[in-house]
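I wanted to go through the backbone of this model and note where its torsion angles call for a second look. These are my entries, kept in the order in which I looked things up.

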There are 2 protein chains.
Amino acid sequence: MSEQVGDSQDAYWMEYALDLARYGIGTTSPNPPVGAVIVKHGRMLGEGYHRKAGELHAERRAIANAIERQNEGELSGATIYVTLEPCSSHGRTPPCVDAIIEHGIKRVVYGSKDPDPRHRGRADWILRNRGIEVLAGVEKEACDRLIRPWAHSVLTQRPWVVAKVASTLDGHMTRSGSRWLSCPEGLRYAHQLRLESDAILVGGGTVRCDNPALTIRMPIHSIPEYKQQPWRIVLTYDKQKLPADSTLFTDEYAARTLVYEDVEDLEYMLHELYCKYGIVQLMLECGGKLLRKFLEQGLVNEMVHSLCPIIGGGGDDMVPGDFLPQELLFQRESIEPAGMDIILRGVLMPLR
Amino acid sequence: MSEQVGDSQDAYWMEYALDLARYGIGTTSPNPPVGAVIVKHGRMLGEGYHRKAGELHAERRAIANAIERQNEGELSGATIYVTLEPCSSHGRTPPCVDAIIEHGIKRVVYGSKDPDPRHRGRADWILRNRGIEVLAGVEKEACDRLIRPWAHSVLTQRPWVVAKVASTLDGHMTRSGSRWLSCPEGLRYAHQLRLESDAILVGGGTVRCDNPALTIRMPIHSIPEYKQQPWRIVLTYDKQKLPADSTLFTDEYAARTLVYEDVEDLEYMLHELYCKYGIVQLMLECGGKLLRKFLEQGLVNEMVHSLCPIIGGGGDDMVPGDFLPQELLFQRESIEPAGMDIILRGVLMPLR
């Protein structure tokens, strides 16, 4: 457990900002989801969250919202709560610290520090130099968790990779008679994961056998109008063997399908997906053979394992072949029943 | 959900009786665990549970307890709460209905009906004929659940079979380097299951490879002094290949080890275990090959699946071989974290 920073008022408003930030999950890449709320004398003056790269940051949206609510005059002397250290450099939008200073905000409370060592702590320094009180680390654990995929991508220049796996209780990915593994509630959860992701990766075999669309169709929450369908990445040994009439090449999102042929260096491919396409969270929906390659190279960060309450014997192995050279530990973060299925979610790390 | 029978007082005292009954789980076979409490004007006069076949039934122990507490005179006009319909026939002890009548108890409230069609409803009839008020079905679901293994054995003349399985997240029963699968908390749970069972079955391979003791050593609850170590059943193709110095043949419980050679008819073997040894709950701790045989023949009633948070690839399959002729549905009853492990418990049934 992390030490508590700030008082219960601070915690309350930071949780409020976190709730706002979560609306942005899945739509902000390559930026992080961020939420902000401006408060004075216990009253909320304005609120905002970052929706999409190129649009206003959360802090500026909260200020704009206060102005809209005709609270502009009150901003002077107010406190702003932000889930992430405000930006201090010119990106596609001007730095948020400037807006905070301009509007006379007197106190800045934030959760996570900027993970990028080039920016980390710089907003603190600028704001304090202007006589603004700064408190960092309020609800740090939840704020850090919210930006985990983004922080990973900033530091490694690769997406956060989430393997989505469905298996029977006896560890098989297929059933006799090619029946479905997931129950309707489990399927909705899978579509929710797609909504949170920027791209979905499958192997050529999955395209040939299942002809999937890999689009978001029935998530648990509604799809924001500014959410684009995820990139669809196909990894194959031979492009020629992918049927030209596959849904991925013919539907209205065909321009969002990327094919990688005969990839030797998965890590480099991931680097390219991040740098060229801004993919911060990549979801694997591939079969066991390809999953094994990602696991062997230590490239899976998180696993979402949907257990289907069936014992069927036979079928494809989840991780086919011999023992992995290095066992992986699944550090459980949640156990959630979804209809008949049980969904386990956690991070993967090499077992020492 | 079952319909509610009785008022909140009835429910309260039946839950009290259920708590008493649970002390008997694992020690009463071939009898069921039963609890009883005698109440008058909202005051508890006496309580008891069945401990061991041949000893007093719960009703007679509750009456004896009331007498010990010098409440004998008060029994007249009291209510007795029993988790199971009182017995009405002479077994190793005289029928409980006689004791109830003798002591002037005026109201009998019970949970489960006797599953044996030869006895079912007979106590009701006898008691009502003597002017005693009878209310059946209070907390029926919990009472039925408590005697589920026993009711199954009465009706099928076979033990209730619980398969205890530990696997990695990718469905293997062994890890590289022969490391353990279960964490300490998971192991304690397994010993608790042994405490609840009358016998434990393994294959010859397990005896040769692991030389297990199959005794109860560190369960979650303390071991009652009258609990015997479980029968240990070994199924093998060739007795000669079992090492004579195995723990099962040489420890102080060697007389509780039974070897079955080259069994064709598992169902008949189970029948014999019930009729000859009074085994009501049999726990399978065997490897995948033998487990598969029990599954194929539909002889596994309940499964306790301990998921070890490891992805290792390789290792023995939980259900080796091809698809089962008939898929089995695991009807989940509980999900319980035990340290790092996750323990899933539920009943198995053919999937239609």
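What follows are my notes on peptide bonds and phi angles in this predicted model.

Entry on the background. I reminded myself that most peptide bonds are trans and that most residues other than glycine have a negative phi.

Entry on cis peptides. I looked up omega in chain A and found a cis peptide bond between A:Ser29 and A:Pro30, with omega at about 5 degrees. I then placed A:Pro30 on the chain, where the residue sits in the loop that runs between helix H1 (8-22) and strand E1 (35-40) of chain A.

Entry on A:Leu214. I noted a positive phi of about 55 degrees at this residue, which is not a glycine, and I located A:Leu214 in the loop between helix H8 (204-210) and strand E8 (231-236) of chain A. Is A:Leu214 buried or exposed? I count A:Leu214 as buried, because 27 other C-beta atoms lie within 10 Å and the cut-off for buried is 20 or more.

Entry on B:Gln157. Here I recorded a positive phi of about 60 degrees, again at a residue that is not a glycine, in the loop between helix H6 (148-156) and strand E6 (160-168) of chain B. I list B:Gln157 as exposed, because it has 12 other C-beta atoms within 10 Å and exposed means 12 or fewer.

How values were computed
Residues are numbered from 1 along each chain as its sequence is written. Chains are lettered from A and ligands numbered from 1 in the order in which they are written. This is a predicted model: local features need pLDDT of at least 70, side-chain atom pairs count only at pLDDT 80 or more; totals for chains, interfaces and linings use all residues. Helices (H or I, at least four residues) and strands (E, at least two) are DSSP runs, numbered from the N terminus.
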